Amino acid sequence: MFLILFVFFISPCSSVPYFLEVYPDTWVDGDEDEYVTIGWEEEPGQVTISDGEGTIILTPLPGSRTCTIARNAEAYEKVWGQYPDFEILDGTPLVPQAALSGKFQLSNKKDELTLTKNGVVHDSVSWPGTFPSRKGQIHFKSCKGLWDERILMAGGSRLEPETFLDVSGISFVSPDCSRAVLEDVIRQANTSVLLNVYEFTDPGFAGLLCDAQKRGVSVIVLLEGGPVGGIPAEEFPVIYDLIRAGAQVLVMEGDREDHAPYRYNHAKYLVADDLRVFLTTENFKEHSFPKAGYTGNRGWGVLLESPDLAASFTRVFKDDSDGPGVVPASGRPGAFEESVTDRYQPVFHPLSFSGADVMPVFSPDTSHLIADVINNSSRRVWIEQAYITEYPGNGSNPFLSAAIGAARRGADVRILLDGYYYNIEDDNDNDEMVTTLQTLAARENITLEARVLYPEKTGLLKVHTKGVIADDQVLISSMNWNENSACFNREAGVIIRNKEVASYFASVFLSDWSGKGGYSKVEDTAGRDFSGVMQMIALAAVIIFLILLYRRHHR
């Protein structure tokens, strides 16, 4: 899929030959599949490429707009599924060999290339000057003339923004009403279910998918093969039962030459019957989708109905599941995840809507759309996130920078972060981020507020949302606001333009922003609250007894 997308991704930047791509430090041992791609508007005729130690000479084929020169055509074909236009070594008679003088081989960490026509140097590229080389990264130039506008690892997709109009759907939140929506989607599936989720430990959802497979629905599940902390023990019996039922279960975990193109497969979406897309901020765990009346994470989600949108997500799913680093999963019998037992009184119900415009957001391809939405907002930017961190090496988080910029323009910017213990216990996490933002707002006198939501005050377990309300648009995504999620993970989300949807999630946000959430947590009758009530009753009885005794002696 990478090579097919490449044709649509590039666009001419110059009337003279120029470098388009350089892949110097490959996953393959020996870098035999390294390559250089050049492009042009007008056919350049004979050109030379030199690295200072060797020179290759070639004449691109007439009628083409790009030319890829690989070191070894057979190694290149093994990785990319088709042959390059030229090769440097004499590996196969199927690919013409570029004329070579000296020793031409790309250095992994430091090198320089020049592109010459008729003795005139038309383009040059160097690393680490033009870009810092990274193992497995394809360095490419955009039509703006910029190198590496996004990080593209070998085998990764090259998706462009798309917008789908007049989409109907259902919005919902966890823990209030999410489980019933997902259960209905799986139960109503007739032909196919494609599920991509980071972690899956919920036995109830596993059972529904097993039932779907047994009634003739094609079920394919893609999981992360190396999540932080390792695969949960409760996930192995889920995988085991799905495989026994006939479902196909895959994990993204490859290394070395079969290296996965993403650091983590962190997406959380399901496509049913080539029609419906279920997308959420949550993993498939019981505390993410609790049973009715029980507590869980604060999460956002949406069910969208659109054949075209479903087709877009299906293409991404199939490219990822058929791509490098994906292997069949293996499970084993074991104990399932324990059910959540804390009671909880829901407030929010699912909301049906229609006439929405929907733009998918896939990281790392189009994660920049999040900043674009914030940058184009004028009235409000309300953000609810598990956490926000600046990029390492003194880099700015582009989404946080966009939010601060919106506040400087006068938009009402509110940032709500999770207060669960592991997001506030260190010296540089959510509570410090809130302090930093509050200090900035006071110093610049801008319309920016930031708070930590302490879940024990709301009845929630923790804030796991990755959401934004920007004017009348809503982002629902799996993407945390850190560099890893935006630049290296496979993440999935949607930006929805619809006033009803925006109002729905705004109500949820304001409830959480209040710090109370509008919830009353209902404890089990054996819990400490019941004991407190009994103590109060006993105390009242003693007081009444003393009053009666006093009256008796003072008649």
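Analyst: Buried means under 20% relative accessible area, exposed means over 50%, and partly exposed lies in between, with a 1.4 Å probe and protein chains only. This is a predicted model, in which local features need pLDDT of at least 70 and side-chain atom pairs count only at pLDDT 80 or more, while totals for chains, interfaces and linings use all residues. Residues are numbered from 1 along each chain as its sequence is written, and side-chain values use heavy atoms, with hydrogens and water left out.

User: Is Cys177 buried or exposed?

Analyst: The relative accessibility of Cys177 is 10%. Buried requires a value under 20%. Cys177 therefore counts as buried.

User: What is the relative accessible area of Cys210?

Analyst: Cys210 is classed as buried. The value behind this is a relative accessible area of 9%.

User: How many disulfides are there?

Analyst: A disulfide is a pair of cysteine sulfur atoms within 2.5 Å. By this rule the number of disulfides is zero.

User: Which residue forms a salt bridge with Asp123, and how many residues apart in sequence are the parts that the pair ties together?

Analyst: A salt bridge is a side-chain nitrogen of Lys or Arg within 4 Å of a carboxyl oxygen of Asp or Glu. Asp123 forms one with Lys141, with the closest N and O atoms 3.0 Å apart. Asp123 lies in strand E9 (residues 120-127) and Lys141 in the loop between strand E10 (137-140) and strand E11 (152-153), so the pair ties together parts separated in sequence by 18 residues. Strands (E, at least two residues) and helices (H or I, at least four) are DSSP runs numbered from the N terminus.

User: Which residues are linked in a network of salt bridges with Asp365?

Analyst: Asp365 forms a salt bridge with Arg150, the closest N and O atoms being 3.1 Å apart. This pair links distant parts of the chain, 215 residues apart. Both Asp365 and Arg150 are buried. The residues linked with Asp365 in the network are Arg150, Asp320 and Arg490.

User: What separates Arg179 and Glu183 in helix H3?

Analyst: The side chains of Arg179 and Glu183 meet in a salt bridge, at 3.1 Å from N to O. Because these residues are four apart in helix H3 (residues 178-188), the separation is about one helical turn.

User: With which residues is Thr92 in contact?

Analyst: Thr92 is buried, at 5% relative accessible area, in the loop between strand E6 (86-87) and strand E7 (99-102). Contact means heavy atoms within 4.5 Å. Leaving aside neighbours within four places in sequence, the contacts of Thr92 are Ala73, Glu74, Tyr83 and Glu87.
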